[in-house]
Amino acid sequence: MIDSPAKRHWRMSIFLWIGLPFIAFVGIAKAAPDLVPAWKAHSGSGVTGTFIAAEESCSHGSCDYYGSWKAADGTSTRTNVLLYDEPASMRIGGTAEALDSGAAGGVFSTEGGSAYLLVTAFAVGGLVAAIAWPVFLWRSWRSSRRSRTPSPAPAEVAA
């Protein structure tokens, strides 16, 4: 099936006006704030404590666990947090050792995982989209402006 030029233009317009700003927003507003905490947890930095799963949210074969976290020394607690990189054996009521490295929405399992890579990919993708969006809009505007401007008539050649 071959797409017509009009259909390709329509798809590109939707991507430029909706897709890129959405990717930029998600990457910058949602992932970027957790970038440093994710890498800190990956390197083992943060306050060690225990996560207790209270709620499970599953879709497409994977589950996220929300619950409470309490520091091992008892100095701090957090409620309604997500456990990133949960162990495969996690169930509601289960516990896991986790690091609080400052992520707004959750704590990181000490067993490790790839959450830091996912957060990094979303943050970098958001930054690239935020840079690409105005560049693509400018190029699109410039090219549409050129196509509407009539070309000068060729000069007559004197014999």
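**View A. His-60 is exposed, with a relative accessible area of 86%.** The cut-offs are under 20% for buried and over 50% for exposed, with partly exposed in between (1.4 Å probe, protein chains only). The model is predicted: local features need pLDDT of at least 70 and side-chain atom pairs pLDDT 80 or more, whereas totals for chains, interfaces and linings use all residues. Residues are numbered from 1 along each chain as its sequence is written, and side-chain values use heavy atoms, without hydrogens and water. His-60 lies in the loop between β1 and β2; helices (H or I, at least four residues) and strands (E, at least two) are DSSP runs numbered from the N terminus. Its phi is positive, near 55°, in a residue other than glycine. Most residues other than glycine have a negative phi.

**View B. Strands β1 and β2 form a hairpin with 2 residues between them.** Strand β1 (residues 47-59) runs antiparallel to strand β2 (residues 62-71), and 10 bridges join the two. Strands are taken to pair if DSSP finds at least two bridges between them. Glu-55 stands opposite Tyr-66 in β2, and Glu-56 stands opposite Tyr-65 in β2.

View C. Asn-80 counts as exposed, at 59% relative accessibility.

**View D. The 5 strands make a closed barrel in the order β1-β2-β3-β5-β4, with mixed pairing.** Neighbouring strands of this sheet are turned by 50° against each other on average, direction ignored.

**View E. Asp-100 is buried in strand β4 (residues 95-100).** Its relative accessible area is 16%. The side chain of Asp-100 makes a polar contact of 2.9 Å with the side chain of Arg-78 and reaches the backbone nitrogen of Gly-102 at 3.2 Å. A polar contact is a pair of N or O atoms within 3.5 Å; within protein, one must be able to donate a hydrogen and the other to accept it, and residues adjacent in sequence count only if both atoms are side-chain atoms. Leaving aside neighbours within four places in sequence, Asp-100 is in contact (heavy atoms within 4.5 Å) with residues including Gly-46, Val-47 and Trp-69.

View F. Beyond four places in sequence, Ile-23 is in contact with Phe-15, Gly-125, Gly-126 and Ala-129. The C-alpha atoms of Ile-23 and Ala-130 are separated by 8.0 Å, though the two residues are 107 residues apart along the chain.

**View G. The largest pocket has a volume of about 480 Å³.** Of its 18 lining residues, the closest to its centre are Leu-82, Tyr-84, Leu-118, Val-119 and Phe-122. At least two lining residues come from each of α1 (5-31), β3 (77-84) and α3 (115-148). On a 1 Å grid over the protein atoms alone, a pocket is an open set of points where a 1.4 Å probe fits, with protein on both sides within 12 Å along at least five of seven lines; lining residues have an atom within 4 Å of a point. Grid points are joined across faces, edges and corners, and the volume is the space filled by probe spheres set on the points.

Terms used:
Axes fitted to C-alpha atoms, helices over the stretch in contact; angles between N-to-C directions.
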